Amino acid sequence: MERGWLHEHGFFLCLILHLLLQGRGDTFTINCSGFDRHGVDPVAFQAVFDRKAFRPVINYSIPTRVNISFTMSAIVEVDAQLQLMTSFLWLNMFWYNPFITWNPEECGGIRKISIAAENLWLPDIFIEEFMDMDQTATGLMVYVNSEGLIKYDKPMRVVSICNLDIFYFPFDEQNCTLTFSSFIYTVENMLLGMEKKVQEISNTSQDLIRSKGEWVLLDIHQRMMKMTVGTNQYDQIIFYVAIRRRPRLYVINLLVPSGFLVAIDALSFYLPIESENRAPFKMTLLLGYNVFLLMMNDLLPATGTPLISVYFALCLSLMVVSLLETIFITYLLHLATTQPPPMPQWLHSLLLYCTSPTKCCPTAPQKGNKGLGLTPTHLPGVKEPVELVGKVPGPREAELNGCPGSTRAQQEYEAQKRHLVNLWIEFSHMMDTLLFRLYLLFMATSIITVIVLWNT
C-alpha cells in the first residue's frame with residue numbers, strides 16, 4: 001500500500017521540491033515566477049518556513065554571523081535609587097539565510113520582500129543588563145533581499161542596570177553599558193559583528209535625542225569580547241553609553257534660592273550688633289531655609305551623598321553659626337555694658353594683633369568708638385596694660401587703699417570701665433568681621449565650583 005502511494009504521488013512530490021528549491025551546489029533558489037503578476041506565493045517559501053526551528057546554514061559546522069547596530073531614540077529615566085536607566089532602542093540585526101534566495105530577473109525585478117518574522121529563524125540576541133520583561137510588540141516583519149540577506153528591526157524599551165555615581169549631582173556624567181550577546185549559541189554556532197561604525201551609531205542617536213528629556217547623550221563607544229562560561233565561549237559586543245544630566249532645572253530650583261538666602265544672611269552683618277532685630281531676622285532666615293530644604297527634597301537623589309547635599313549642609317551650618325554668634329554677641333554686649341568682666345591677657349594680645357593698622361585684617365571701628373588705639377597710658381592712674389586688662393579696682397577699694405579723693409578714684413574707675421567696654425565691643429566687631437569674611441569666601445568658592453562643574 002505504501003509503495004502504491006509513493007508510486008502515485010512520487011511524481012508530484014518531486015515536482016514540488018523541484019519548484020521550491022532548485023539546488024545548485026551549496027545554494028538554493030526560490031521559484032518566484034509570477035510574483036510580479038499574481039503577488040507572492042506563500043507555497044514558494046513553505047520549505048523555508050518549515051526550517052525556522054533550525055539555524056539557517058547549509059554546513060552546520062559553520063557559524064552564523066549576525067551583524068547588529070542600534071539607534072537610541074530616547075533616554076526616558078535614570079533612577080539613582082534603583083540604579084536603572086530606561087531608554088528606547090531600535091535594534092537592527094542582519095544575517096544571511098541561504099535557503100531564501102531568488103533571481104530578480106525571473107521575478108519581474110523584485111529584489112526585496114517583507115515576511116512575517118514569526119515564520120523565520122531569528123537570532124536570540126539579548127542585552128545582559130536588561131532588568132525587565134521584554135515587551136517587544138508581536139507581529140513584526142523582516143526584510144529579505146534576493147541574495148538572502150535578512151534585516152530585522154526590533155523596537156525595544158530597555159530597562160538596564162547602570163552603576164551610577166551621583167557625587168557631582170546635578171552636574172554628573174554617567175557611563176552605562178549595553179552588552180549584546182546570544183543566550184544559547186556559542187562562538188561555534190554564532191558570531192557577532194558590527195553593521196555600522198560605532199561613530200555613526202553615536203551621531204544618529206545624538207541627532208534623535210538632542211533636545212529631549214533631562215539627559216544628553218555624549219558619546220557611544222564599543223568593544224568586542226568573548227565571555228567564558230565553563231567550557232563554552234559566547235561572543236559579546238559591549239556598548240558604553242556616556243550621558244550627562246542637564247543641570248539647569250536644579251540650578252534654578254535648588255542652587256539659586258539657596259544662594260540668595262545665604263547672601264541675605266551675609267548682608268545681615270551690616271545691621272548694627274547692638275540692634276535688637278538682628279537675631280530675629282537671622283532666626284527667620286534659618287526657618288525659611290529649613291522649609292526650602294523640605295520642599296526641594298524630592299529633587300535630590302534618594303541614595304548617596306552628592307556634593308550638593310554637602311553644600312546645603314554647609315549653608316545650614318553657616319546660618320546656625322551666624323545665629324549663635326549673634327546671640328553670643330548680644331549677651332556679651334549686655335554683660336559689658338552692665339558689669340564688664342576683665343579681659344584675659346591672651347585675648348587682649350590677639351585683639352591688638354588683629355586690629356593693628358599694619359595687619360591685613362583690621363576691624364572697622366564703629367561710630368563713637370575709639371578702638372584699640374587707646375593705650376593704657378592714656379588713662380589716668382593706669383601704668384601697665386596688665387593692670388588694665390586684669391582686675392579693675394572700684395572706687396570703694398581705692399578709698400580703702402588710701403587713695404586721696406573719692407572723686408578722682410571714681411573718674412579712674414569709670415575710665416577703666418569705658419575702656420573695657422570698648423575692648424569687648426572691638427572683640428564683637430572682630431568676630432563679626434571674621435564670620436562675614438568666611439561667608440564671602442564660602443559664596444565665592446560655591447560660585448566658582450558651579451561654573452567649573454557646569455563647563456566641564
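## Reading the strands, the disulfide and the confidence

Author: Let's start with a pair of strands: strand 9 and strand 12 are joined by nine bridges and run in the antiparallel sense. Two strands count as paired if DSSP finds at least two bridges between them. Strands (E, at least two residues) and helices (H or I, at least four) are DSSP runs, numbered from the N terminus. Please keep in mind that this is a predicted model, where local features need pLDDT of at least 70, side-chain atom pairs count only at pLDDT 80 or more, and totals for chains, interfaces and linings use all residues. Residues are numbered from 1 along each chain as its sequence is written, and side-chain values use heavy atoms, with hydrogens and water left out.

Reader: Which residue of strand 12 is the bridge partner of Leu178?

Author: Leu178 has Phe239 as its bridge partner in strand 12. Strand 12 also pairs with strand 11 (residues 215–229), antiparallel and over 14 bridges. There, His221 stands opposite Tyr240. Two residues separate strand 11 and strand 12 in a hairpin, and Gly230 in the turn has a positive phi of about 65°.

Reader: How many of the 14 residues of strand 12 are buried?

Author: Buried means under 20% relative accessible area, exposed means over 50%, and partly exposed lies in between (1.4 Å probe, protein chains only). Ten of the 14 residues of strand 12 (residues 232–245) are buried, so the strand is largely enclosed by the rest of the structure. For the protein chain, 42% of the 456 residues count as buried.

Reader: In what order do the six strands of the open sheet stand?

Author: In general, strands of a sheet pair through backbone hydrogen bonds, either parallel or antiparallel. Here the order is 5-7-8-4-3-10, with mixed pairing. Strand 5 (112–116) and strand 10 (190–194) are at the edges with a single partner strand each, so one side of each has no neighbour in the sheet. From one strand to the next, the twist averages 30°. Within this sheet, strand 4 (residues 84–96) and strand 8 (residues 149–161) run antiparallel, joined by 13 bridges.

Reader: Which helix lies across strand 3 and strand 10?

Author: Helix 4 (residues 198–208) does, running at about 30° to strand 3 (64–79). Such angles run from 0 to 180 degrees between N-to-C directions, with axes as lines fitted to C-alpha atoms, for helices over the stretch in contact. Contact means heavy atoms within 4.5 Å.

Reader: Which residues form a disulfide?

Author: A disulfide is a covalent bond between the sulfur atoms of two cysteines. The test used is a pair of cysteine sulfur atoms within 2.5 Å, and the count comes to one. Cys162 and Cys176 form it, with their sulfur atoms 1.9 Å apart. Cys162 sits in the loop between strand 8 and strand 9 (173–182), and Cys176 lies in strand 9, 14 residues apart. The link is left-handed, at -85° about the S-S bond, and Cys162 and Cys176 are both buried.

Reader: What is the mean pLDDT of the protein chain?

Author: pLDDT is the predictor's confidence in each residue, from 0 to 100. The mean is 79, and 79% of the residues reach 70 or more. Over residues 1–26 the pLDDT is below 50, and this stretch has 20 contacts beyond near neighbours in sequence. Residues 358–396 also stay under 50, with 61 contacts beyond four places in sequence. Where pLDDT is low, the predicted coordinates should not be read in detail.
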